[in-house]
Each structure stands twice: as C-alpha cells, then as structure tokens.
Amino acid sequence: MLYLNNKLVSKSKALISVFDHGFLYGDGIYETLRAYNGVVFKLDEHIDRLFRSASMIGLTIPKGPEAIKKTVYTTLRANRQKEAVIRITISRGAGPIGLDPGLCRRPTFVIISNKFKNYPEQYYQKGIKVAIVNTCRNFRGALNPAIKSLNFLNNILAKREAKDKGAYEAIMLNYRGHLAEGTISNIFFVKDNILHTPETGVGILDGITRKSILDIARESGIEINEGRFKKEDLLNSREVFISNTTMEVMPVSHVDGTKIGTKKGNITKLLHKAYKKEVADYVKNH
Ligand code: PLP
C-alpha cells in the first residue's frame, strides 16, 4: 500500500497524470527516511527539510507537518513494516504544458514505504570504491543542491560516470573544483586525526546524517574541519567515508583506484558505532 494525495491505495491503483509537472519537468521535492523497529528516525528533521525545500521552490505543501508525520506512520503501519525506507514525494501536480507553476492546481503527494534491504555486509567491512567524476555538482546559483529536488539528472549523469569507472558512488566537485558530495551521500575524510567535510557553502545537501556525524564527532572530542577542499585532499587522507540516511556511515576503500588507509579506519568505526547507538537511543525514546 502507498499513500497518494488523501488516501492509502494499492500499488496497482497508485496512478498519476502524464501532465504532472513532476514527470514533465522534475518540478517537485522529496525526502528519504528510515524506520528502525517501527520508529521513523529523525522524522522532525526530515519534515523540516521537506518544508525548507518546498519554500525554496515556492511550493505550498497541501498538508501541515503534523499531518504529514501521521501519514508517514499510517503508510508504514499499513505495510506492517518495522525496518523500512520511506520516500515522501511532492510534485507541483498536474497542469497544462508550460513551465509556470501557477498552471498546476494541486500538488501531488505520495508516500512510499518499502522494506529496508541491508547493504551487503562487505561494503561495511571492506569499504566501497568511489570515483571523482567530471560532472560538476549543480552550481548553487542555478539549482541549489540544498533543495532536495526531484530534478536529479545532475546526480544521474555523475552516477553513470562512476559506474563506467567501476565505482559504486560518484564524488562530485563544484564548478570551482572544490569537493562537494556524492550522488546520494555526503563525503567525509580523516587527515591528521581531524575529521574533514565540505562546508555547506560549496553547494551540497545539508545531510541529516552529516549533521548527526558532526555532532557525534564534537561530543567525542574529535576535531572537525568544515571547509573547502580539493580532490588531492581526499586522495591523501587516512580514512574516507560517505553518509546518508540509509547507508549511515559507509567506509570508502578506494578513491579513483587509489587505496585509502589500510582497513576500515578507526575514526570511521567509532563514528558508525556511535551513530548506531544514537539510533538505538532514539528508538527507545520514541
Ligand atoms: N547528498 C545528496 C545529493 C543526497 O541525495 C543525500 C541523500 O539522499 C545526501 C547528501 C544525504 O542526506 P541525508 O543524510 O539527509 O540522507
């Protein structure tokens, strides 16, 4: 079952118009959330970001935050899922052909909940390969990556390049050559025992997992450097990992074919363990 506009419907009945501007122009926004043991982790933070994205594209969401939170749980429970990945998608809605958002009367609202499938354990044990790709991250002044937008071609082009290079994730630089982020993840590296990650000003999505990791690092007494970095900084580091809501903390073993450190790094390990503890505490208290 999934939630479409105002009700739960079966997959086969969940149909939207070919005139939907989400389909025609990628005009819309989304969020991906993770449920652990029936509790949606950091639901408030995801809903806040959903509303921020909506405001950045001038979209009025047809429900309030509390109603959306309830609907997320309605969808999760209708599917009897405990471990799930939930996607909230809101598009501009159906309207005549033409770019003017005013042509669309009502946004299309969808919540999909799928059973969470674990990533292969070896990704966490051995680390994954990433490639620094030629496709630049969208320029903030054109399409701000802080908007969690349905318009995903930038990331898809980067992903294609990574795949061609035999890498699992692409790392994009911004138009000035500063490290930005992955196609669906934020990037971190450890050098001289300092945890580095691109500052949001380079043009990235302000990841919810990224923020948790930075908070955990601060509490653990790990020095942090949010700044502007080059590709060489990544290649010369001791540890690299990427983060997002479903991967949590995923170690990187190779950047462009260059081996990073030796095994899964100590700081990466510590942060992932602490992140899992934060999840467990959150689940206990909600
Ligand atoms: N960067 C991009 C481009 C993403 O699409 C995502 C998540 O899908 C992230 C970063 C990580 O964000 P979060 O930690 O909130 O899942």
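Here are my entries, starting with a reminder that this is a predicted model.

**Entry 1: the open sheet**

I began with a sheet of six strands, which is open and has antiparallel pairing. I read its order as β2-β1-β6-β5-β3-β4.

Next I checked β5 and β6, which run antiparallel and are joined by eight bridges. I also noted one facing pair here: isoleucine 86 is opposite serine 113 in β6.

A reminder to myself: strands in a sheet pair through backbone hydrogen bonds, and they can do that parallel or antiparallel.

Then I moved to β7, which covers residues 128-132. Is it mostly covered or mostly open? Mostly covered, as four of its five residues are buried.

I found β7 paired with β14 (residues 248-255) in the parallel sense, over three bridges. Valine 130 faces valine 255 in β14. β7 also runs parallel to β8 (residues 169-173), with three bridges joining them. There, isoleucine 132 is opposite isoleucine 171 in β8.

I also looked at helix α5 (residues 153-164), which forms a right-handed β-α-β unit with β7 and β8.

**Entry 2: the largest pocket**

On to pockets. The largest one comes to about 870 Å³. Which residues lie nearest its centre? I wrote down Tyr30, Thr32, Arg87, Lys148 and Phe152, out of 48 lining residues. Several elements give two or more residues to this lining, among them β3 (28-36), β5 (84-91), β6 (108-115) and α6 (208-219).

Last stop was the second largest pocket, with about 240 Å³ of space. I counted 14 lining residues in the listing, and the closest to the centre are Glu121, Tyr124, Glu248, His272 and Lys276. β3, α4 (121-126) and α8 (266-284) each supply at least two of the lining residues. By class, I have four nonpolar, four polar and six charged.

Note on methods. Residues are numbered from 1 along each chain as its sequence is written. This is a predicted model: local features need pLDDT of at least 70, side-chain atom pairs count only at pLDDT 80 or more; totals for chains, interfaces and linings use all residues. Side-chain values use heavy atoms; hydrogens and water are left out. Buried means under 20% relative accessible area, exposed over 50%, partly exposed in between (1.4 Å probe, protein chains only). Two strands pair if DSSP finds at least two bridges between them. A crossover is right-handed if, with the strands pointing away from the viewer, the path from the first strand over the helix to the second runs clockwise. On a 1 Å grid over the protein atoms alone, a cavity is a set of points where a 1.4 Å probe fits but cannot get out, and a pocket is an open set with protein on both sides within 12 Å along at least five of seven lines; lining residues have an atom within 4 Å of a point. Grid points are joined across faces, edges and corners, and a volume is the space filled by probe spheres set on the points. Ala, Val, Leu, Ile, Met, Phe, Trp, Tyr, Cys and Pro count as nonpolar, Asp, Glu, Lys and Arg as charged, and the others, Gly among them, as polar.
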